[in-house]
Amino acid sequence: MFAKFILVTVLVQLACAQQQFDVLVEFGTNFSTLALETQNEIADLYEFNGEIIREFNRELLLELGRMVPAMREADSDFQAQIDSADGVDNDCLEYVRELRELFLLFQNWDVQDCAYYAHVDLQYDSVNRFLPYAITFLSENTRSISQVVESFGRNNAIAEFDALVQELDGEWEYYQTLAVSFGDFLFDEILLHANVADRVYRELFECRETALELQQADHEYILGYLDDNCA
Ligand SMILES: *[C@@H]1O[C@H](CO)[C@@H](O)[C@H](O)[C@H]1NC(C)=O
């Protein structure tokens, strides 16, 4: 009778220990499932981020592409005007053509400046938005995979099993909240690229207008020499 009682007690304890261990395994499974899902979500966001950046760069290039033909056309009109000038001697024509080449150099620098500033702005935003946060999130998320073992090592699983489970419950809450809030945060980071891109395009547009105006002013200035035969 007594032996039977002991046997039952041992069996109950064993079953209990098994049950306790099952909870840990369940936690472990839940943590790694969540970590994997979150990791996939970050990977999707990463992909999306890259697409947005590529798209904005492509549009930037198109904008710059529009700038060059406009200035080239203005320059060939200008050359035609020089060539068809009346009552100007060859020395003066020669001098005016040299002036044109010199000013063309400055006009090229204007175009390069527009491209440079637009690129720097967009590049800074590409590197500093989203990516650093995504990396932080990824490493925090990876930590969750080994959370059960970590908590196990930190707690006295034999004497205070409930405390261990409580800690794991808390961590579970934390990672679930983290997954949602950080996912939203990263998504917003991606959308914020658009604000910078808008600003960059606006500035590029202004830069282009200014470059065209400067070119126009250069042409008027040089044509002034033709008016009085470089006197
Ligand atoms: C594990 O996840 C399932 C499904 O979401 C949930 O029902 C269960 O309570 C979780 N287990 C633990 C130990 O948190």
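Residue numbers start from 1 along each chain as its sequence is written. Because the model is predicted, local features need pLDDT of at least 70 and side-chain atom pairs count only at pLDDT 80 or more, whereas totals for chains, interfaces and linings use all residues.

We can begin with a helix pair. Helices here are DSSP runs (H or I, at least four residues), numbered from the N terminus. The axes of helix H4 (residues 147-154) and helix H5 (residues 161-227) cross at roughly 145° and come within 10 Å; axes are lines fitted to C-alpha atoms over the stretch in contact, with angles from 0 to 180 degrees between N-to-C directions. On the H4 side, Gln147, Val148, Ser151 and Phe152 make the contact, and H5 contributes Leu164, Glu167, Leu168 and Glu171 (contact requires C-beta atoms, placed from the backbone, within 7 Å). By class, four of these residues are nonpolar, two polar and two charged (nonpolar: Ala, Val, Leu, Ile, Met, Phe, Trp, Tyr, Cys and Pro; charged: Asp, Glu, Lys and Arg; polar: the others, Gly among them).

The largest nonpolar core has 14 residues, of which Phe31, Ala134, Phe137 and Leu186 touch the most other members. Such a core is a set of buried Ala, Val, Leu, Ile, Met, Phe, Trp, Tyr and Cys residues joined through C-beta atoms within 7 Å, and buried means 20 or more other C-beta atoms within 10 Å (exposed: 12 or fewer; partly exposed: in between). Helix H1 (2-83), helix H3 (131-143) and H5 each supply at least two residues of this core, and H5 gives the most, with six. A second, separate core of 11 residues includes Phe56, Cys114, Leu122 and Leu204.

What surrounds the ligand? Its shell consists of Val23, Glu26, Phe27, Asn30 and Trp172, each with its C-beta atom, placed from the backbone, within 6 Å. H1 gives the most to this shell, with four residues.

Some single residues also deserve a look. Serine 139, in helix H3, counts as exposed because it has 9 C-beta neighbours inside 10 Å. Asparagine 229 lies in the segment after H5 and has a positive phi, near 55°. Cysteine 230 is placed in the segment after H5, with a positive phi of about 60° although it is not a glycine. Most residues other than glycine have a negative phi. Cysteine 230 counts as partly exposed because it has 16 C-beta neighbours inside 10 Å.

Definitions and conventions:
Contact = placed C-beta atoms within 7 Å.
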